[in-house]
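Q: I have a model open and want a quick tour. Can you walk me through it?

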Amino acid sequence: MKKSASGFNRIAKEVFAPVYPVIARMAVARSGITEGWALDIGTGPGLLAVALACETRMEVCALDMDPEMVRIAGQNLVTAGGGPGSRICLVNADVHRMPLKEKSISLVVSRGSLFFWDDLTRAFDEIYRVLRTGGAAFVGGGFGDAHLRDEIFDQMRMINPDWDADVARRSSMATPEILRRALEKSGVPDFLVRDDDTGIWVELRKF
Ligand SMILES: C[S@@+](CC[C@H](N)C(=O)[O-])C[C@H]1O[C@@H](n2cnc3c(N)ncnc32)[C@H](O)[C@@H]1O
């Protein structure tokens, strides 16, 4: 586990890095939310949480179930220095049982984590529970836009010859059909599943 967490940290910092500000800006632009508490679920090395803190004045809760990932994210926050990093707190927890109050979060983001969740319906119910009225969630996976995705795929194919097969296997865990079915079984009344150049994204809003 230790090895894969540090390996992902290296890839995230050296290859995926340009993706995080693009996704943070997408969530802010689509939701219009720039204040209150944000939550990055399955934050891994914490780079999307940092990007969101840089894009807004929000306090960001960066949550991951893997204690080693949380430790690495903590190191990355120290490296990032004060300012936005000082508005990020780290939480070691599972999306299916988040130690967060009902209606406490204005904006939820999560990239590349839902492919690993055991129970998507329960996770979406839990995300909806913590969302404030007027809040929004962007949960999915992707590489920002078509140009970035193509660049990153080229780099990843050199690092990992099985990259395309790995992506296909992971994507099959959360197809639009699987996500829609999980959401229909949940108590989430309103959702949108997008599958385009930005990746596959579930958008939830609480009215
Ligand atoms: C592929 S990494 C993505 C990390 C980060 N979001 C990024 O894009 O750089 C997936 C992360 O989700 C976390 N994760 C997987 N299942 C989880 C769960 N049930 N609850 C919380 N985090 C989870 C893993 O520990 C891992 O850090």
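A: One term to start with: a residue is buried if 20 or more other C-beta atoms lie within 10 Å of its own, exposed if 12 or fewer, and partly exposed in between, with C-beta atoms placed from the backbone. Helices (H or I, at least four residues) and strands (E, at least two) are DSSP runs, numbered from the N terminus. This is a predicted model: local features need pLDDT of at least 70, side-chain atom pairs count only at pLDDT 80 or more, and totals for chains, interfaces and linings use all residues. Residues are numbered from 1 along each chain as its sequence is written.

Q: Good. Why is E2 called largely enclosed by the rest of the structure?
A: Because five of the six residues of E2 are buried.

Q: Which strands does the sheet have, and in what order?
A: Seven strands form an open sheet, ordered E3-E2-E1-E4-E5-E7-E6, with mixed pairing. Two strands pair if DSSP finds at least two bridges between them.

Q: Which strands stand at the edges?
A: Strand E3 (88-92) and strand E6 (191-196). Each has a single partner strand, so one side of each is left without a neighbour in the sheet.

Q: How are neighbouring strands turned against each other?
A: By 15 degrees on average, direction ignored. Axes here are lines fitted to C-alpha atoms, for helices over the stretch in contact, and angles run from 0 to 180 degrees between N-to-C directions.

Q: What packs on the sheet?
A: Helix H4 (residues 67-80) does, touching strand E2 (59-64) and E3. The direction of H4 makes about 165 degrees with that of E3. Contact needs C-beta atoms, placed from the backbone, within 7 Å.

Q: Back to E2. What does it pair with?
A: Strand E1 (residues 37-41) pairs with E2 in the parallel sense over five bridges. In that pair, Trp37 stands opposite Glu59. The chain goes from E1 through H3 to E2, a right-handed β-α-β crossover. Right-handed means that, with the strands pointing away from the viewer, the path from the first strand over the helix to the second runs clockwise. E2 also pairs with E3, again parallel and over five bridges. There, Leu63 stands opposite Val91.

Q: I care about Cys61. Where is it, and is it buried or exposed?
A: Cys61 sits in strand E2. It is buried, with 23 other C-beta atoms within 10 Å.

Q: What does Cys61 touch?
A: Trp37, Leu39, Cys89 and Val91, leaving out residues up to four places away in sequence.

Q: Next, E5. How many of its residues are buried?
A: Eight of the 11 residues of strand E5 (residues 131-141), so that strand is mostly covered. Strand E4 (residues 105-111) runs parallel to E5, joined by six bridges. Val108 stands opposite Ala137 in E5. The link from E4 to E5 goes through helix H5 (residues 120-130), and this β-α-β crossover is right-handed.

Q: And the antiparallel part?
A: E5 and E7 run antiparallel, with six bridges. Phe138 stands opposite Glu203 in E7. E6 and strand E7 (residues 199-205) are also antiparallel, joined by six bridges.

Q: Switching to the ligand. Which residues come nearest?
A: Gly42, Gly44, Met65, Asp66 and Ser113, out of 21 residues around the ligand. Near means a C-beta atom, placed from the backbone, within 6 Å of the molecule or strand. Helix H1 (2-16) and helix H3 (47-55) are the elements that give two or more residues to that shell.

Q: What classes make up the shell?
A: It has 11 nonpolar, six polar and four charged residues. Ala, Val, Leu, Ile, Met, Phe, Trp, Tyr, Cys and Pro count as nonpolar, Asp, Glu, Lys and Arg as charged, and the others, Gly among them, as polar.

Q: What is the phi of Lys103?
A: Positive, about 55 degrees, although Lys103 is not a glycine. Most residues other than glycine have a negative phi. Lys103 lies in the loop between E3 and E4. It is partly exposed, with 15 other C-beta atoms within 10 Å.

Q: Last one: where is Phe143?
A: In the loop between E5 and helix H6 (146-159). Phe143 is buried, with 25 other C-beta atoms within 10 Å. Phe143 and Pro18 are 125 residues apart in sequence, and their C-alpha atoms are 8.7 Å apart.

Key
Two residues are in contact if their C-beta atoms, placed from the backbone, lie within 7 Å.
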